[in-house]
Amino acid sequence: MFIEKINSPKDIKGISINELIILSSEIRDIMINRISKCGGHLGPNFGIVEMTIALHYVFNSPIDKIIFDVSHQSYVHKILTGRKDGYICEEYFSEISGFANPDESEHDFFKLGHTSTSISLASGLAKSRDLKGNRENIIAIIGDGALGGGEALEGLNFVSELKSNFIIVVNDNNMSIAENHGGIYENLKKLRESNGEYPCNLFKAMGLEYIYVDEGNNIEKLIEVFLKVKDISHPIVVHINTQKGKGYKLAEENKESWHNRRPFDIDTGDLKKSSKAVSYENINAEYLLAKIKNDPQVVVVVAGVPSCIGFTKEKREIAGRQFIDVGIAEEHAVALCSGIAKGGGKPIFATQSSFMQRTYDQLSQDLCLNNNPATILVNRASVYGDKDATHLGLYDIAMMSNIPNLVYLAPTCKEEYLAMLDWSINQNKYPVAIRIPYNGVICSKRQIDKDYSNLNKYKIEVTGEKIAIIALGNFFQIGEELLNKIYRELKINPTLINPRYITGIDEDLLENLKNNHDIVITLEDGIIDGGFGEKISSFYGTSDMKVKNYGIKKSFPDRYIVDELLRENGITDYKIVEDIKKMILN
């Protein structure tokens with residue numbers, strides 16, 4: 001096997017084209033070995049094998065700097081830069097992240113995981129190079145799906161003014177996670193169909209030189225083009241037409257479902273742990289399609305991730321014009337929803353918590369300052385969600401809970417989530433965000449309120465004394481376990497409170513707790529700093545009430561194990577009870 005001899009990019013330089021073709025096949029074999037066992041991004045990486053080999057064949061990494069966008073297509077790059085054991089040997093799988101990471105290799109320059117950033121990041125490296133008087137090549141790789149993001153367009157607009165070496169490789173496979181949407185993609189289509197000759201050219205309009213490569217999975221042609229642009233003295237776009245999922249038939253034929261795959265059987269493609277359990281993706285899709293059917297003013301909006309609310313291609317077709325995918329443009333999605341709400345529509349925007357970070361300005365200015373009644377669904381907002389440092393869902397509470405006018409709700413179960421969602425869509429007074437539960441689909445027989453217009457009123461689920469547990473959202477069940485543990489250990493019947501509202505405090509309820517409680521415990525599924533619990537602590541600041549906040553310390557935990565992270569942050573019933581004992585003694 002050629003792959004056994006490849007320990008750095010230097011090892012592929014000078015070998016024959018036929019040997020590089022064999023190497024590309026071997027790389028696909030070891031990538032599918034890892035992905036089939038522990039999951040990962042299959043489609044993007046299979047489509048970029050030849051391009052990555054050609055880049056490392058021509059350029060001199062890490063002196064020449066290759067910057068990936070999102071970096072979920074960086075597996076081939078990792079294999080060629082000394083990390084192939086992380087794809088061959090199971091004992092090394094955990095040592096390699098799914099994204100670019102300079103802690104792993106000098107060939108990676110940024111920790112990456114969000115889209116549309118490569119051009120901006122790479123242009124900064126280019127500017128730094130120019131200031132130093134150096135001459136290395138700077139290469140930014142960006143997929144067609146990422147081109148629709150605002151930062152990518154800002155970057156394109158800027159780089160023509162660099163007047164120095166800057167190579168943008170556009171990996172165009174005519175796909176984002178799902179299909180592409182927007183006028184840019186009509187232009188890319190025209191360029192593909194005309195072999196790059198179509199006179200209306202997005203990149204030339206930005207003042208950039210342009211080359212088109214139709215056979216984007218042809219190593220020989222890619223090497224020829226990269227040799228041509230190497231050491232160029234000005235910015236240029238190399239537009240390459242690739243096939244997403246190339247080399248694995250199932251991924252070639254079903255590009256959306258094979259973009260990112262959980263562990264699967266290589267021969268059949270079947271998931272190894274295919275669960276038929278009810279999920280919030282299915283719950284959301286069923287509920288929202290029913291809303292769409294019965295109300296022509298309801299509009300569901302996503303930003304390139306329709307799967308986060310279960311909108312498969314079939315469901316998108318059923319929804320028709322009442323479903324909008326804006327592409328990877330979360331900022332536009334929030335502002336769009338504000339406009340729809342202002343016009344009398346009922347917009348629902350859904351995306352991952354990690355991607356919601358990109359929308360802060362639009363949430364604050366475009367939506368909440370104007371107090372327009374849109375519904376924002378925040379998915380994977382939890383310690384139980386994505387565990388890579390690039391995709392953490394732990395920061396939404398601190399980020400969003402302090403925006404004026406926003407009502408941010410934290411349901412504790414399926415029934416409460418659907419009640420909150422129904423109320424939010426039907427009301428017309430507030431912008432509302434709702435955390436989609438992410439600790440499993442938990443059903444409850446507790447009495448669930450239907451109206452949440454009386455803002456910031458917490459709900460006492462169990463009445464007790466001495467100790468009050470305020471357990472927010474996904475951590476409500478931890479609160480229930482803690483309540484039982486306190487009774488067994490201390491013979492105290494605590495009060496258990498479901499706060500429901502992240503964005504405000506129930507001053508009357510908190511004041512009344514002073515009458516027969518000495519200790520308040522807050523539990524929140526997010527970063528403590530600036531979060532929910534600190535609002536409770538602040539309220540009791542001048543009183544004798546002892547308050548202890550439990551959540552995650554401000555950090556970027558990476559590829560963590562949930563139970564270990566909870567233990568590190570003292571979130572176990574044993575540790576909390578020990579803390580309570582100390583507070584009682586003091």
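**Entry 1: Asp396**

I began with the side chain of Asp396, which makes a polar contact with the side chain of Arg435 at 2.8 Å. A polar contact is a pair of N or O atoms within 3.5 Å; within protein, one must be able to donate a hydrogen and the other to accept it, and residues adjacent in sequence count only if both atoms are side-chain atoms. The model is predicted, with local features needing pLDDT of at least 70 and side-chain atom pairs counting only at pLDDT 80 or more, while totals for chains, interfaces and linings use all residues. I number residues from 1 along each chain as its sequence is written, and side-chain values use heavy atoms, with hydrogens and water left out.

I found a polar contact from the side chain of Asp396 to the side chain of Ser353 as well, at 3.3 Å. I then listed the contacts of Asp396 (heavy atoms within 4.5 Å). Leaving aside neighbours within four places in sequence, they are Ser353, Val378, Ala381, Ser401, Tyr408 and Arg435.

Is Asp396 buried or exposed? Asp396 counts as buried because its relative accessibility is 2%, the cut-off for buried being under 20% relative accessible area (1.4 Å probe, protein chains only). I placed Asp396 in helix 18, residues 396-400; helices are DSSP runs of H or I with at least four residues, strands are E runs of at least two, and both are numbered from the N terminus.

**Entry 2: cavities**

I looked for cavities, meaning sets of points on a 1 Å grid over the protein atoms alone where a 1.4 Å probe fits but cannot get out; lining residues have an atom within 4 Å of a point. Points are joined across faces, edges and corners, and a volume is the space filled by probe spheres set on them. There are 3 cavities of 30 Å³ or more.

The largest cavity holds about 50 Å³. Its lining includes His77, Ala100, His107 and Asp108. Strand 1 (residues 65-68) gives the most to this lining, with 3 residues. I counted 7 nonpolar, 2 polar and 1 charged residues there. In this scheme Ala, Val, Leu, Ile, Met, Phe, Trp, Tyr, Cys and Pro are nonpolar, Asp, Glu, Lys and Arg charged, and the others, Gly among them, polar.

The second largest cavity holds about 40 Å³. Among its lining residues are Glu179, His181, Tyr185 and Asp325.

**Entry 3: strand 4**

I checked strand 4 (residues 209-213) and found 4 of its 5 residues buried. Strand 4 pairs with strand 5 (residues 235-241) in the parallel sense over 5 bridges, where pairing needs at least two DSSP bridges. Tyr210 has Val237 in strand 5 as its bridge partner.

Definitions and conventions:
Buried means under 20% relative accessible area, exposed over 50%, partly exposed in between (1.4 Å probe, protein chains only). On a 1 Å grid over the protein atoms alone, a cavity is a set of points where a 1.4 Å probe fits but cannot get out, and a pocket is an open set with protein on both sides within 12 Å along at least five of seven lines; lining residues have an atom within 4 Å of a point.
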